[in-house]
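Biologist: Could you walk me through this protein chain as if I were new to structures? I would like to begin with its overall layout and then look at the strands.

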Amino acid sequence: CYLVQYANLFFREQPESIFATGHLNEQGVDVNGTLVLKYKSRATAVLFYSSDSAMGDNNLTLFGSKGNLQIEVPFHTPVKITLPDKKTEEFSLPESSYKYNFGNSQGLAYEAQCVR
C-alpha cells in the first residue's frame, strides 16, 4: 500500500502496531479503509483511502510539527510537491515510448530500477 510506504519513509521506521478497518465490494476488493500506525518514536500515522469517494483527488498530504508537505496528483508517481513554505519543487519523469493507461506511469520505472 502506497500510504503505508510513505508513512514508513516519512518516519524512517516500521510501525510497532497497526489498526485497520474498511469495506469490501461484492468481489472482495477493498473500496475504502482507515489505518492507524503507531511507531516506537511516539509518532502516529492516520491514513485514509477510498476508491468510491469524492473526497480527494489522489494526492497525499503529510502533516507535521513543522508544517505540511503536499505530494501532488497522482501521489504514487508525483512530479510536483509543495513544501511547508508553500514553494513547489518539480521532478521530471523518464522518457518513454510506451502508451500507459494512467498518467505518469512511466515514473514507476524508478521502482523497477530500485529492485533490480
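**Helices and strands**

Modeller: Gladly! The protein chain has 2 helices and 7 strands; helices (H or I, at least four residues) and strands (E, at least two) are DSSP runs, numbered from the N terminus. This is a predicted model, where local features need pLDDT of at least 70 and side-chain atom pairs count only at pLDDT 80 or more, while totals for chains, interfaces and linings use all residues. Residues are numbered from 1 along each chain as its sequence is written, and side-chain values use heavy atoms, with hydrogens and water left out.

Biologist: Which pattern does the protein chain follow along the sequence?

Modeller: Let's read the helices as α and the strands as β. Along the sequence, the protein chain follows the pattern α-β-β-β-β-β-β-β-α.

Biologist: What percentage of the residues of the protein chain count as buried?

Modeller: Buried means under 20% relative accessible area, exposed over 50%, and partly exposed in between (1.4 Å probe, protein chains only). Of the 116 residues of the protein chain, the buried share is 23%.

Biologist: How many residues of strand E1 are buried?

Modeller: Strand E1 covers residues 17–24 and is hardly covered itself. Among its 8 residues, the count of buried ones is 0.

Biologist: Which residue in E2 stands opposite Gly-22?

Modeller: Two strands pair if DSSP finds at least two bridges between them. E1 and strand E2 (residues 30–38) run antiparallel and are joined by 8 bridges. Opposite Gly-22 stands a residue of E2, Gly-33.

Biologist: Which residue in the hairpin of E1 and E2 takes a positive phi?

Modeller: The hairpin has 5 residues between the strands. The positive phi there is near 85 degrees, and the residue that takes it is Gly-28.

Biologist: Which strands stand at the edges of the open sheet?

Modeller: The sheet is made of 4 strands in the order E4-E5-E6-E7, with antiparallel pairing. Two of them have a single partner strand each, so one side of each is left without a neighbour in the sheet. These edge strands are E4 (60–64) and E7 (88–90).

Biologist: Which residue in E7 stands opposite Ile-81?

Modeller: Strands of a sheet pair through backbone hydrogen bonds, either parallel or antiparallel. Strand E6 (residues 80–82) and E7 pair in the antiparallel sense, over 3 bridges. Opposite Ile-81 stands Glu-89.

Biologist: How far does the C-alpha trace of the protein chain span along its principal axes?

Modeller: Here we follow the C-alpha trace of the whole protein chain. Its span along the principal axes is about 40 × 40 × 35 Å.
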